Each structure stands twice: as structure tokens, then as C-alpha cells.
Protein chains: 2
Amino acid sequence: MNLRLYNERTLLQRLRRTGEASKADLARWAQLTNTAVGSIVQSLEESHLIEPAGRRQEGQRGQPAGLYRINPEGAYGIGVRLDRTSIETVLIDLGGRILAREAHDLLLPHPDEALALVRKSITRMLSVLDGTQRRRLMGVGLAQPYNLGSWLRELDLKADFRIWDEVDFGAMLSQAVEQPVFKENDGNAAAIAELFFGVGREESDFLYVFIGAALGAGAVIGGESLRGSSGNAADLGLMPVLPSRLASAPPTDRRWDILLSRASLNALTRHLRHSGLPVRNHDDLEGHVASGGRAVDEWLDDCVDALVPSLRASLAVLDLPAVVIDCDIDDGLIDKLVRRVDAGLREIAPEARQTPRLLRGSFGTNAGAVGAASLPMFFSFSPRADVLRGQPASAFSHTAKETTHA
Amino acid sequence: MNLRLYNERTLLQRLRRTGEASKADLARWAQLTNTAVGSIVQSLEESHLIEPAGRRQEGQRGQPAGLYRINPEGAYGIGVRLDRTSIETVLIDLGGRILAREAHDLLLPHPDEALALVRKSITRMLSVLDGTQRRRLMGVGLAQPYNLGSWLRELDLKADFRIWDEVDFGAMLSQAVEQPVFKENDGNAAAIAELFFGVGREESDFLYVFIGAALGAGAVIGGESLRGSSGNAADLGLMPVLPSRLASAPPTDRRWDILLSRASLNALTRHLRHSGLPVRNHDDLEGHVASGGRAVDEWLDDCVDALVPSLRASLAVLDLPAVVIDCDIDDGLIDKLVRRVDAGLREIAPEARQTPRLLRGSFGTNAGAVGAASLPMFFSFSPRADVLRGQPASAFSHTAKETTHA
């Protein structure tokens with residue numbers, strides 16, 4: 001039973017990666033019998049997760065083989081991304097397309113108030129779907145930094161979010177919207193989006209780094225997201241780094257600072273302001289990045305200087321062949337980061353060790369929200385070893401019954 | 001079929017951990033039916049992997065329940081540990097006891113010569129076993145540093161081992177001794193010994209660090225050893241660290257050195273010699289550690305100073321609740337290391353993050369060899385997810401046939 005489910009998901013993954021395949025292709029690839037694949041394909045088609053994609057002539061004679069592909073309308077996911085200064089909600093389909101999106105830029109309010117906001121957004125998302133589509137909604141993904149109440153000094157925030165470390169927003173949300181809620185920290189969620197909809201179509205092993213207000217990261221190993229004992233694996237933002245040499249950095253007498261205080265857009269904002277440039281909002285920040293200028297370059301130097309040894313350390317620990325870099329702002333910044341980090345990693349490469357391939361992320365500013373929305377689909381449709389062990393994904397469930405897909 | 005095998009291994013693991021259990025205990029714990037457990041227990045007993053362990057009265061009435069435990073004589077493993085300055089071979093049983101041991105302290109010779117040495121040792125080990133025991137030999141484990149030919153400068157070795165990076169010693173050995181050979185790098189092998197026979201009886205998630213001539217490490221996550229894309233995960237020895245401040249350290253103009261050049265007994269040896277103390281061999285080194293003295297303390301300061309941020313970085317990446325520290329020399333050194341590292345980790349703990357529990361390793365100077373010998377047993381008897389996926393352990397096999405246990 002578990003093995004059947006695992007094999008179903010393996011074939012779904014294969015179709016996500018190859019685009020189109022015949023039953024014979026799938027059987028060959030998965031080393032399953034034609035009968036087993038035929039039965040799995042039939043049930044995947046009946047549940048609308050895959051659809052016919054025409055026919056292809058194979059060899060000289062015989063009937064052309066029927067091809068199958070993922071049906072983008074086969075499943076839907078809603079994602080909620082909470083950050084210290086924004087709340088974002090999106091609806092995506094199984095093809096990874098964003099069908100609806102709502103964002104609030106605000107200092108994170110009390111959980112009750114945030115719940116009211118998110119609930120309204122989700123209601124509007126649901127109204128986009130008809131009855132059939134709504135039955136294919138796999139649930140709500142919730143992505144939020146693990147300790148919302150911490151690192152406010154490093155992030156230059158004058159606020160008190162401690163209440164957020166005390167409430168279980170996932171459970172609250174699940175109750176309120178009567179949907180299963182899948183929760184991950186924001187870095188892991190974005191890495192899962194990359195795995196399910198982005199570079200994961202080609203790569204099964206990579207380190208994912210997202211430079212936003214803070215720094216998020218995730219590790220993908222053998223097509224699975226590394227969770228860690230407390231759900232906080234690949235928490236690169238907390239890696240020890242030498243203190244910044246920028247004049248804008250808060251003075252410290254500690255020998256070790258943490259990576260997020262240097263490799264983050266928050267550090268860039270601080271440095272721009274320190275250099276006399278006004279930054280009132282995200283658009284201002286983007287404007288400064290687009291026009292370049294010395295302050296941006298100075299921050300970039302400092303950011304890369306901190307990031308490179310942390311990445312080398314992470315790669316020594318995880319032994320991964322690729323690093324994906326994404327950022328909340330593009331305007332050339334992502335390419336610059338990729339180029340600079342690549343050069344930096346080569347410069348301090350230990351003897352006899354390769355430098356990993358550096359790749360651009362797929363989602364940029366949408367990484368967090370698409371990451372959140374990917375969670376219900378990833379946990380419902382990805383061939384994770386837990387499926388074999390009979391351990392279901394740990395979702396907050398609003399009722400005792402198992403949600404079924406139809 | 002795969003699930004049955006996985007369940008067998010899960011019950012074996014349970015018995016390794018609890019010592020003794022009845023069929024009812026096992027069924028309750030594994031959430032399997034009594035019939036399923038009865039059938040598994042029967043086949044494990046028939047293959048001599050477990051044995052009866054008396055009876056226990058459960059409740060007021062009825063027959064006392066039969067208990068089972070691991071049969072230490074149910075399986076055997078041979079381990080070969082190659083290092084740049086030694087070759088060690090051991091024979092252990094399923095209880096983790098060392099039944100025979102041979103060590104050669106020598107600068108690693110040409111692979112052909114090493115093969116002749118190892119082959120003789122293995123022949124002597126095999127002569128210890130009678131016919132029945134020999135049929136229960138699960139194979140040979142080979143543990144060696146990943147790049148024997150590298151880091152000779154950091155390790156103060158004037159030798160040329162490049163030939164070792166070119167030959168496949170695992171395949172050579174498998175051919176020569178007609179046994180399946182399981183190969184891991186030395187750090188991962190020692191971590192697997194700890195998982196299978198040591199702290200793994202209580203812990204399923206830990207980072208393992210071994211301070212020997214160089215520095216070896218391994219990561220255990222959910223009861224599995226993290227391998228990495230090239231078999232080199234948890235390669236802590238190559239993490240970037242600031243250059244040593246010891247006068248004995250080789251001068252460098254690089255900004256980043258690697259951890260093994262500071263946190264290793266090689267660095268201690270160098271510092272003792274620099275301080276005018278003679279170190280001709282391992283016994284000399286042990287003598288200096290036992291008598292303490294300023295040079296040992298100076299190295300210890302420098303070692304911990306490098307180790308602490310590297311461990312913090314590793315834990316940020318892996319999110320593990322425990323760190324096991326072991327060392328090739330004890331005489332109080334391991335306890336000192338544990339205490340100092342614990343204090344250091346607390347000192348630079350990031351806000352809102354726990355400091356992991358620090359534990360002593362179980363095998364000390366035998367960690368490498370027992371680690372190697374654990375490999376055939378770990379890959380044959382541990383409930384790894386690969387078993388469910390139908391992916392066998394990647395052993396070098398001398399023949400095409402599957403080895404069976406009897």
C-alpha cells in the first residue's frame with residue numbers, strides 16, 4: 001500500500017521533470033511492470049493529476065504510444081507567508097502558476113489581527129475556484145521565520161513580536177479556514193518551491209539561499225528537503241561570521257556575529273541610509289540597486305565576504321554539487337551575487353575539492369509565497385521516504401478525517 | 001517484500017536498543033500485528049540473528065512471555081582502516097566486541113603492498129572463525145580518508161600518496177579476499193559505529209567528531225548516516241577557519257585555513273615539537289597529554305577556538321540536538337574537550353537557539369577500525385530508507401551473486 005503510493009508519486013515526479021512520457025517510458029524508467037504502471041497511470045488520470053498529451057510514433061510499426069503529462073489543473077495550493085514586515089497570500093496550481101496574490105506591507109500585527117487578514121485573503125482566493133477546483137485544493141502552506149520574535153536588533157526593528165513565539169499560528173489558521181495547514185520555516189519553504197517547481201526539475205541535490213530582508217536557506221538532498229530535529233536545518237542566517245567592516249554596521253565587541261546581519265537586504269538598507277541615501281520602502285531599495293552606486297557595491301563586497309566562507313562551511317557539511325541563489329530584488333543583483341560568490345568559492349576552495357555549480361533561483365520576490373503554496377502539494381505528491389515508512393506529513397488538521405483528493 | 005525486510009531491520013534495531021523484548025513488546029512498539037511480528041521473529045531466530053533470553057511474567061495470569069535479544073554470534077564483520085600513517089584490521093561480532101585486531105604503523109605504502117598486508121591480516125582473522133561463523137561474515141568494511149593524497153602540507157607529511165587517489169582499493173580488496181567490501185570515508189565509518197553500537201542506542205540524531213591525526217566527522221540524521229553527493233558529508237576537517245595563532249603553526253598569508261590544521265593531533269604534535277618536546281610516536285604523544293603541561297593547554301585553546309565556530313556553523317546547517325566527541329587519545333583529554341567545547345558553544349549561542357547536548361564517544365582509539373567493521377553489519381541490518389526504495393547498499397562485490405545470510 002505504502003509502496004504503491006510511493007510509486008505513484010515517483011511517476012508524478014518523473015512527469016514533472018520530463019514533461020511528457022508514455023507508459024512504456026515510465027515503466028522502463030521506474031523498473032516497474034507495464035501492468036503496475038498501467039494501473040498507476042489509470043488512477044492518476046482518474047484523479048485528474050495527469051492528462052493525455054497526444055501520441056508519439058515509437059519504432060516503425062504498431063500504434064503510436066499515448067503520452068501523459070501533469071495536469072496543471074489537477075491540484076491547487078494556497079500559500080501564506082508571514083514575515084516581520086509583510087503578509088502575503090497566493091493561490092497556485094499544480095503547474096506552479098500564480099492564480100491570485102494579495103500582499104500587505106505592515107509591521108506584523110497581533111496574531112488575532114493577522115489571522116483576520118489572512119482569513120479574508122484566503123476567502124477571496126477560494127472564490128476564484130469553482131466547486132470542482134475547490135475539491136482539488138490540497139490545503140494551505142504556512143511559511144514563517146522560525147523565531148519571529150528574535151534578531152530584531154540585527155534587523156533594526158523596533159517592535160515586540162514575542163507573542164508570535166508563543167502562539168501556534170498554524171493551528172489557529174487550520175481552525176479558522178477549515179483546511180489542513182502545512183508549516184515550514186520560510187527558507188525551507190522557498191527551497192521546496194525550487195525543488196517542486198524550479199531547478200528541482202533537473203537537480204535532486206542543492207543548497208538554496210535566499211537573500212531577503214533577512215537570509216533564508218534550505219537544503220535539498222536526494223529530492224527531499226532536509227528538516228532537522230526542530231525543523232530548522234540549513235539555518236544559514238545564524239552561522240557565525242566575522243563582524244562586518246562597514247561603517248554602517250552596529251558596533252560590537254563580540255568576536256562572532258551572525259550571517260544574516262551582513263548578507264541581507266536589511267544590511268543593505270542600513271548601509272544606504274548610513275551613506276545618506278533615503279530608503280522608505282522596497283521600491284526605494286530597488287531603485288538604489290538598479291542605479292548601482294558605491295554604497296551598493298560596498299555592501300555587496302561585505303555581503304559576499306561573509307557569504308563565501310559560510311557557503312564553503314555548509315558545503316563541507318552537506319556535500320552538495322550545486323548552490324541556488326535567489327534574492328528579493330533582481331535588477332542585475334542576482335547575477336552579480338552568483339558571479340561574485342562563484343569567484344569567492346573558487347578562491348578558498350580546499351585542495352582536491354570541486355566548487356559547486358552556482359544557479360539562479362526561479363522565483364525571485366515570489367519565492368516565499370510560492371514556497372508556502374508549494375507545501376501542500378509537495379507533501380501530498382512528492383516521493384518522500386516518509387511515505388514508505390507510513391509516516392504522513394505533519395499537517396495541522398482542522399478535523400480528524402484524512403483529506404482525500406478527488 | 002521490501003517492507004518486510006525493512007520491518008525485520010526495524011525490530012533488530014529495537015532489540016539492539018532495548019536489549020530484551022517479547023513479541024508482544026515488539027508488536028506494540030512497531031504497530032505491527034502479532035502474526036507479522038511472530039513471523040519476523042521466527043525468521044530472525046532461524047537465521048541466528050536473535051536468540052531466546054528467558055521468560056518474563058506479564059500480568060497475574062497466563063504463561064510467562066518469551067523474551068528475545070540480539071545474538072552477538074549471529075553475524076561478523078571485518079574492518080580495514082587505512083590512514084596516511086597506519087593500517088588496522090579488526091574482526092567484530094554483532095555485539096560490537098573486537099575478536100581480533102592487527103595494526104601496522106607505517107607510512108602508507110604502494111596500494112599493491114598495502115593489499116598484501118591487509119590480505120594476510122584478513123586471512124588470520126578468518127582463521128579465528130569456524131565454518132558456521134564464517135558463513136555469518138557479512139563482508140569487509142573499508143574506511144579511509146577521502147583524499148589520501150591531499151593535505152600533506154597541513155599534516156606535515158613528506159610523502160607522495162597520489163597513487164592512492166587513482167586506484168580503487170575497495171574493488172582491489174573485494175577481488176583479493178572474495179568478500180563484498182563496503183567503503184566509507186573514515187569519519188562517516190566511525191559515526192556509523194557510534195550509531196550501530198554506541199550512543200546510537202539512545203540517539204537517532206547527532207553530529208560525530210573524531211580528533212585523530214586529522215579530524216574526521218559524520219552526521220547521523222533519523223538513524224541514517226548522511227552520505228552527501230560524493231560520500232563526503234560532514235567533512236568538518238575542511239571547514240574554513242581563521243589561521244591559528246600558535247607560534248608553531250606554519251606561516252600563511254591566506255585569510256582562511258582549514259579546521260584540520262588546528263583541531264587535530266597533528267597540530268598538537270607540531271606544537272609540542274615546536275615547544276622542544278620530543279614526539280617520536282603515538283606513545284610519546286599520549287605521555288605528553290597524560291602529564292598535561294603548558295604546550296598541551298596552548299594547543300587545546302587553539303583547537304577549541306577553531307572547533308567552536310565550526311560546530312556552531314555545522315549545527316546551524318544540520319539542526320541536530322547532540323554532538324558526540326571522540327579522540328584517538330584519552331587520558332582526560334576527551335572530557336576536557338567536551339567541557340571546553342560545551343562552554344564555547346554556549347558563549348556564542350545565537351539568540352533563541354539551544355546548545356546541543358555534548359556526549360563522549362564510545363570507542364576512542366578503536367573508533368576508526370570498529371567503524372570500518374560496522375559497515376557490513378550496518379548496511380546489512382539497519383532500517384535505512386534505501387531498503388524501502390529497493391536500492392541495495394553499494395558494496396564492491398567480488399561476484400555477481402547476492403550474498404545471503406545463514
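**Where the chains and domains meet**

Between chain B and chain A there are 16 residue pairs in polar contact, both at pLDDT 80 or more, a polar contact being a pair of N or O atoms within 3.5 Å, where within protein one must be able to donate a hydrogen and the other to accept it, and residues adjacent in sequence count only if both atoms are side-chain atoms. On the side of chain B that touches chain A, α10(B) gives the most, with eight residues; helices here are DSSP runs (H or I, at least four residues), and strands are likewise DSSP runs (E, at least two), numbered from the N terminus.

This is a predicted model, in which local features need pLDDT of at least 70 and side-chain atom pairs count only at pLDDT 80 or more, while totals for chains, interfaces and linings use all residues. Residues are numbered from 1 along each chain as its sequence is written, chains are lettered from A and ligands numbered from 1 in the order in which they are written, and side-chain values use heavy atoms, with hydrogens and water left out.

The two chains also share two salt bridges, each a side-chain nitrogen of Lys or Arg within 4 Å of a carboxyl oxygen of Asp or Glu. A:Arg255 forms a salt bridge with B:Asp305, with the closest N and O atoms 2.6 Å apart.

Within chain A, an automatic or database assignment gives domain 1 (2-70), domain 2 (75-194 + 367-395) and domain 3 (199-361). Across the interface of domains 2 and 3 of chain A there is one salt bridge, and A:Arg227 and A:Glu184 meet in a salt bridge at 2.9 Å, N to O.
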